[in-house]
Amino acid sequence: MVYVGIPKGQANQEEEVLKTIQDGDSDELTIKRFTESREKPGALWHIYAAKDTEKIREFLKKVAEEQGQENPVDHDPIHDQSWYLDRSLRKRLHQEYGVQGWAIVQFLGDVVFIPAGAPHQARTGDAVHNLYSCIKVAEDFVSPEHVKHCFWLTQEFRYLSHTHTNHEDKLQVKNVIYHAVKDAVGILRANESSLSRP
């Protein structure tokens, strides 16, 4: 979080932000960072474990059906980013499916890492709820530990409609794997003579 702009002259906005942080299930330490340390909160994230993705997907489809919405085959309630799990839906997700996420308030200067495939929710159509005007720098990356999961996500995106924003392979996982193997083989060949010595 590289910038947080707090408007002047709006006395009740600080109270609204505090209420949002509290309703977002933030812990006491986070609340104290805002109320006592006077740090500048920029965004509220709700992040879930990747292992719970299918349960969350099932839950969102169930809620959509209850509200009379369709669940087209070439759309995905997680990748569509069309849902915001408010406090009551987060509570229901926990009660019915045993899924509980983490509420993270990102303050000015904080970095948030989201593991591959970890669903993180949207309120405004993005991946995060902004508390104040802010500028975030985001970067997708593939770590060696998560290549398998990133590849699985790429396969999942293939089943979305061709007009879906996530249909394309943003991570280029196959290219990452190809170049990593090519570099490894190149290094092994360059050092082949030293590797064969006893």
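1. Helices (H or I, at least four residues) and strands (E, at least two) are DSSP runs, numbered from the N terminus. This is a predicted model, in which local features need pLDDT of at least 70 and side-chain atom pairs count only at pLDDT 80 or more, while totals for chains, interfaces and linings use all residues. Residues are numbered from 1 along each chain as its sequence is written, and side-chain values use heavy atoms, with hydrogens and water left out.

2. On confidence: pLDDT is the predictor's confidence in each residue, from 0 to 100. The protein has a mean of 81, with 82% of its residues at 70 or more. Helix H4 (residues 87-97) has the highest confidence, at 95, and H5 the lowest, at a mean of 69. Over residues 122-127 pLDDT stays under 50; the model has 15 contacts (heavy atoms within 4.5 Å) for this stretch beyond four places in sequence.

3. Pro-119 lies in the loop between strand E3 (102-107) and strand E4 (129-130). Its relative accessibility is 9%, so Pro-119 counts as buried (under 20% relative accessible area; exposed is over 50% and partly exposed in between, with a 1.4 Å probe and protein chains only). Beyond four places in sequence, Pro-119 is in contact with His-46, Ile-47, Tyr-48, Ala-49, Ala-50, Thr-53, Ile-56 and Ile-78. Thr-53 is 66 residues from Pro-119 along the chain, and their C-alpha atoms are separated by 6.6 Å.

4. Val-137 sits in the loop between strand E5 (133-135) and helix H5 (147-157). Val-137 counts as exposed because its relative accessibility is 68%.
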